[in-house]
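Subject: Structure for your files

Hello,

Here is the structure I said I would pass on.

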Amino acid sequence: MAFKVTPWEVEGDIDYKKLVREFGVNLIDNNILNKTKKITGQTHFMLDRKIFFAHRDLNFILNEYQKGNKFYLYTGRGPSEHLHLGHLMPMKFTKYLQDKFNVKCYIQLTDDEKFLFKENLSLEDTKKMSYENALDIIALGFNPKNTKIIINTEYAKTLYNQAIKVANKITFSTAKAVFGFKNSTNIGQIFYTSMQAVPAFLESVKQGKNIPCLIPHGIDQDPHFRVARDVLPKLGYLKPASIQGKLMPGLLENGKMSASIPKSAIFTNDSPKEVKEKIQNAYSGGKETLKEHREKGGNPDIDIPFQYLKFFFEPDNKKLKKIEDEYRNGKLLTGELKQITIEKINNFLEKHRKERENAKKKIDKFLLKD
Ligand code: TYM
């Protein structure tokens, strides 16, 4: 079945095996899992479950770390809308890596990107949304001592001075081949990838020596970092390493949770009632009738509420397995599974809203400005 994954468009039922071949990333295997476990004492459930399933140069990062050479983390968000649950995944995973390895982290909010790529948004809109998104990110528990948030237009002098060096090494034909640009594409879009490359070597610029960088992100962003990995050695920097996540599915039958399709997504600012309604209407792997469900069981592999538990909301592997088994054998009904998921999401969001309020007092400590 046809599917499409680019930094700006994700469509259809994603075949991750095919994507790994096409993008040229490596699967997270047991060797890497064991190595991570040796260093950190345990692995995150998102790694165990292969939700963060692929990487580039993660071995290099772990080897350097074991030699005492610390890396730094870099992740980001394009502030077009409020965050949805899928966006929280790489952020939460990054926070986990930061805690376990005790390293610095940059988070880039690309108000310039969303202005250039979304016809209906003004620069004021995307700048305002950068602040809104920053609050949600800070609410996940990041510490301003070792986490810095970059809003691109607010840190433009520093970023631009480095981005032009990146841009100098990328031809239009490369940009076209990687991102599919056309003659009608505005030229800001063509330049943009150079801005996303900068935090991948910014710490090396600041410290005046090469510091390894690890980028956790959803697999859709990989094309940017493919380009960055080509260019940075030409500027004397290391290739950034990365770890790629699968995309949380949308509420509808096909496709990822996407902010540009509001019906597909649960946003961090949705009310408990909205969450309830959305999950009640979500695509289910249950059977048509109670009798049939009890006899044949449901299919958790295609069941969206179950997938949300697996991707994010049930970190306990044993509890998840019990839910999965009972759903598969028909003991657990669709309505019951939905109820469990609604409660989990609403509990999470209730706490999240409080932390988001607290974040308002802290935001200035996180923001880099020049
Ligand atoms: P954006 O805003 O599209 O997405 C932010 C992060 O969330 C991931 N993501 C998802 N993860 C799981 N399930 C989903 N349904 C889902 N949808 C999106 C994305 O892969 C991304 O990791 N250009 C970037 C912003 C950016 C960035 C970065 C992202 C700048 N520098 C460095 C990652 C790393 C963007 O528009 O992301």
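This is a predicted model, in which local features need pLDDT of at least 70 and side-chain atom pairs count only at pLDDT 80 or more, while totals for chains, interfaces and linings use all residues. Residues are numbered from 1 along each chain as its sequence is written, and side-chain values use heavy atoms, with hydrogens and water left out.

Ligand site

The ligand is surrounded by 27 residues, counting a residue as near if one of its heavy atoms lies within 4 Å. Arg77, Gly78, Glu113, Asp220 and Met248 are the closest. The shell is made up of nine nonpolar, twelve polar and six charged residues; here Ala, Val, Leu, Ile, Met, Phe, Trp, Tyr, Cys and Pro count as nonpolar, Asp, Glu, Lys and Arg as charged, and the others, Gly among them, as polar. At least two shell residues come from each of β5 (72–77), α5 (85–101), α6 (111–117), α10 (187–197) and β8 (213–218). Helices (H or I, at least four residues) and strands (E, at least two) are DSSP runs, numbered from the N terminus.

- Arg77: a side-chain N or O atom is 2.6 Å from an oxygen atom of the ligand.
- Gln196: a side-chain N or O atom is 2.8 Å from a nitrogen atom of the ligand.
- Met248: a backbone N or O atom is 2.7 Å from a nitrogen atom of the ligand.

On its own the ligand has 690 Å² of accessible area (Shrake-Rupley, 1.4 Å probe), and the protein covers 98% of that.

Cavities

The whole structure holds two cavities of 30 Å³ or more. A cavity is a set of points, on a 1 Å grid over the protein atoms alone, where a 1.4 Å probe fits but cannot get out; lining residues have an atom within 4 Å of a point. Points are joined across faces, edges and corners, and a volume is the space filled by probe spheres set on them.

The largest cavity has a volume of about 60 Å³. Its lining has nine nonpolar residues, one polar and no charged ones, and includes Thr36, Leu47, Phe71 and Ile243. Helix α4 (58–66) and α5 each give two or more residues to this lining, and α4 gives the most, with three.

The second largest cavity, of about 30 Å³, has Ala200, Cys213, Tyr237 and Lys239 among its lining residues.

Second largest pocket

A pocket is an open set of points with protein on both sides within 12 Å along at least five of seven lines. Helix α15 (residues 304–313) gives the most, with four residues. Both domain 1 (4–251) and domain 2 (262–357) give residues to the lining, so this pocket lies between them; the bounds come from an automatic or database domain assignment.

Regards

Note on methods: Polar contact = N/O pair within 3.5 Å; in protein donor to acceptor, adjacent residues only side chain to side chain.
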